[in-house]
Amino acid sequence: MTIETLKTDVLILGSGGAGLFAALHAHRANPHLAITVATKGLLGKSGCTRMVQGGYNVSLHKGDSVERHFMDTIDGGKWLPNQELAWTLVEKAVERVRELENEIGCFFDRNSDGSLHGKAFAGQTFDRTVHKGDLTGIEIINRLMEQVWARPSIRRLEEHRAIALVPEKGATGDASRKPVAGVLFIDIRTGKFRLITAKAILLATGGGPTMYKYHTPSGDKAMDGLAMALRYGLPLRDMEMVQFHPTGVLAGPDTRMTGTIIEEGLRGAGGYLLDGSKQRFMFNYDPRGERATRDLVSQSMYREMQAGRTTPNGGLYISMGHLGPEKVAKQFKGMVERCADCGFDLAGGLVEVVPTAHYLMGGVVCKVDTSTEVPGLYVAGEDAGGVHGANRLGGNGVANSTVYGGIAGETMAADIKRGLGHREPDMDVVAAEIARAEAPFRVRPTPVAGGQPKAEGVPVAGGQPKAEGVPVVGGQRKAHWTDTNRIRDTLLDLMWDDVGIIRERSGMERALAQLDELDAQLCAAGVPDTNRAFNLSWHDWLNLRSQIVMSKVVAHAALKRENSRGAHFREDFKEPGAMDTSRFTVVREVDDKLQVGDEPVIFTHVKPGETLIKDTPEAAE
Ligand SMILES: Cc1cc2nc3c(=O)[nH]c(=O)nc-3n(C[C@H](O)[C@H](O)[C@H](O)COP(=O)(O)OP(=O)(O)OC[C@H]3O[C@@H](n4cnc5c(N)ncnc54)[C@H](O)[C@@H]3O)c2cc1C
């Protein structure tokens with residue numbers, strides 16, 4: 001088999017905060033390394049780092065401390081975070097924000113005395129979220145992009161979709177015994193496959209729970225990286241922990257703006273959440289009112305919606321006008337403009353909102369140096385699991401991707417210096433993965449009057465493709481786009497209804513059965529247009545495959561956790577369980593089947609009931 005193959009020292013998948021920081025730090029460690037950033041979207045224009053609104057958590061301010069930031073992270077994560085990962089996050093965030101300002105060229109908002117302005121974010125005991133107005137991500141990603149452009153030796157491959165991790169030739173067995181040799185891509189522009197081999201490979205594709213009816217992440221994200229890692233045999237932890245952000249804009253059924261968020265700082269600044277009859281309700285659920293953590297606010301909102309106390313469109317309201325429209329317009333300029341684009345007056349009126357799937361706390365199990373159990377494979381940013389446990393604090397997401405992206409760059413360079421070399425890729429795996437990706441082109445549905453179409457040759461994990469349930473209209477199978485659109489709509493609804501904010505066993509079991517059926521239907525749907533170049537139907541199909549498999553992982557992990565912690569709430573197991581015997585879930589794929597287990601949390605820095613916060617507040621700056 002001939003396939004275009006490239007060779008590089010460091011291969012980075014994704015160009016968000018994690019991917020770009022990794023490239024810059026690997027380059028700084030050794031400017032002679034061949035570094036390649038390959039990304040599904042455009043560099044600097046894709047992923048969620050660019051979408052960061054609120055800001056970046058860092059304990060730089062007088063009266064705050066790394067210990068306080070750490071305790072907020074552990075408390076918010078309901079004692080499930082890996083404490084080594086969480087500690088490194090809060091400690092290195094200080095260094096990383098200074099680097100962002102002094103070396104990368106970002107400007108964050110300042111107080112009149114010149115110190116960085118810290119805004120209030122929910123669930124934190126200190127106003128430590130530094131920001132650039134409410135468009136912080138654009139500032140960060142634009143400056144990072146410029147720094148990467150300024151280093152021509154960092155090769156950039158845009159619109160390159162990674163589809164599979166390729167092991168070393170001859171390697172068999174579990175993931176730890178299969179060193180990774182390269183990554184198989186589709187060049188979206190030509191539709192051609194391309195293999196890139198590398199000494200060190202970083203997974204930084206940014207997770208992103210895009211399988212829910214209301215969701216915030218960028219449209220290029222479909223959890224491809226996690227799906228690839230799962231298929232390779234890597235363990236994923238905390239996958240039941242899907243964060244719903246309370247304030248997604250409810251702009252109507254037919255606009256992609258629905259689900260996009262308006263930031264947490266609105267509630268931090270004193271915004272009210274109102275039910276359909278314009279009454280505040282948060283104090284009925286939590287003494288902190290609107291400033292409770294995202295999980296509690298989203299659950300409370302969902303209960304209001306279930307009880308029918310909604311706006312005419314089925315959502316709730318956020319109201320800021322009591323703070324003074326002029327003040328709101330000045331403080332939240334970007335938010336006010338974005339709401340106006342959707343037809344809402346944020347400064348003086350009411351905006352319809354709904355909780356929206358925002359962030360995956362779960363991800364690939366990794367060490368503090370970002371290495372995984374697969375030799376040669378590293379993970380950083382939202383693809384990595386363990387930093388946030390059961391709930392991510394607003395402002396800890398971009399801190400996570402930039403801190404650990406930088407660490408990944410340094411680790412990869414150091415490991416290469418220590419002798420990590422190229423490995424010969426297993427071309428049988430490459431052939432099998434190409435066949436898997438091309439499967440939808442081979443579907444030749446046979447129209448059978450009054451019957452079901454047959455779908456030949458589409459591999460389905462764990463068995464043969466079923467074509468049941470594929471709609472047949474007058475003996476003809478409906479057009480592909482109808483099938484994939486219907487499958488996507490069904491997926492988004494079933495995950496929202498049955499594996500969403502409030503869960504219970506019967507709903508999740510129903511969802512798992514439906515997910516198997518959707519997988520089979522997708523395999524039978526195929527792709528009609530065989531032209532490969534910029535074939536968005538094909539990429540939709542591939543997105544859906546990643547989304548369906550990751551939905552199954554979330555549902556299995558959620559069934560396994562028989563308690564309610566942070567973002568995971570079970571109506572049939574409402575108690576959080578004992579903190580000092582906390583366990584985290586782990587999902588692996590073994591022989592095409594998902595295996596779900598759990599492991600104990602090791603409290604390396606602080607045990608439940610203890611605190612690291614010293615009585616005397618300390619000044620870090
Ligand atoms: C609307 C919004 C607002 C947010 N606000 C905040 C905030 O105020 N504070 C905060 O801390 N966090 C915030 N977050 C979360 C934060 O954006 C993320 O945690 C963080 O940016 C993730 O960084 P990352 O580098 O892991 O991934 P991303 O920045 O999402 O980058 C992922 C990259 O991977 C690429 N990719 C995806 N699939 C593939 C593939 N198959 N092959 C190759 N490349 C691929 C994408 O194109 C993209 O370039 C917000 C998120 C959203 C959606």
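Around the ligand sit 40 residues, and S46, C48, T49, D220 and K221 come nearest. Keep in mind that this is a predicted model.

**Around the ligand**

- S46, one of the residues that come nearest to the ligand, has an N or O atom in its side chain 2.8 Å from a ligand oxygen.
- D224 also uses its side chain: an N or O atom there is 2.9 Å from a nitrogen atom of the ligand.
- With T205 it's the backbone that counts, as a polar backbone atom lies 3.5 Å from an oxygen atom of the ligand.

**Helix 14**

- Helix 14 covers residues 536–560, which makes 25 residues.
- N535 caps the N-terminal end of helix 14. To do that, a side-chain oxygen of N535 lies 3.1 Å from the backbone nitrogen of S537.

**D426, a buried charge**

- You'll find D426 in the loop between helix 10 (396–417) and helix 11 (427–442).
- D426 is buried, yet it has no salt bridge.
- Which side chain of opposite charge is nearest to D426? That's K169, 7.6 Å away, while a salt bridge would need the charged atoms within 4 Å.
- Setting aside neighbours within four places in sequence, D426 is in contact with V166, P167, E168, K169 and G170.

Terms used: Residues numbered from 1 in each chain as written. Predicted model: local features only at pLDDT ≥ 70, side-chain atom pairs only at ≥ 80, totals over all residues. Heavy atoms only, no water. Helix = DSSP H or I, 4+ residues; strand = E, 2+ residues; numbered from the N terminus. Expected span 1.5 Å × (residues − 1). Polar contact = N/O pair within 3.5 Å; in protein donor to acceptor, adjacent residues only side chain to side chain. Buried < 20%, exposed > 50% of the residue type's maximum accessible area, 1.4 Å probe, protein only. Lys, Arg positive; Asp, Glu negative; His and termini not counted. Contact = heavy atoms within 4.5 Å. Near = heavy atom within 4 Å.
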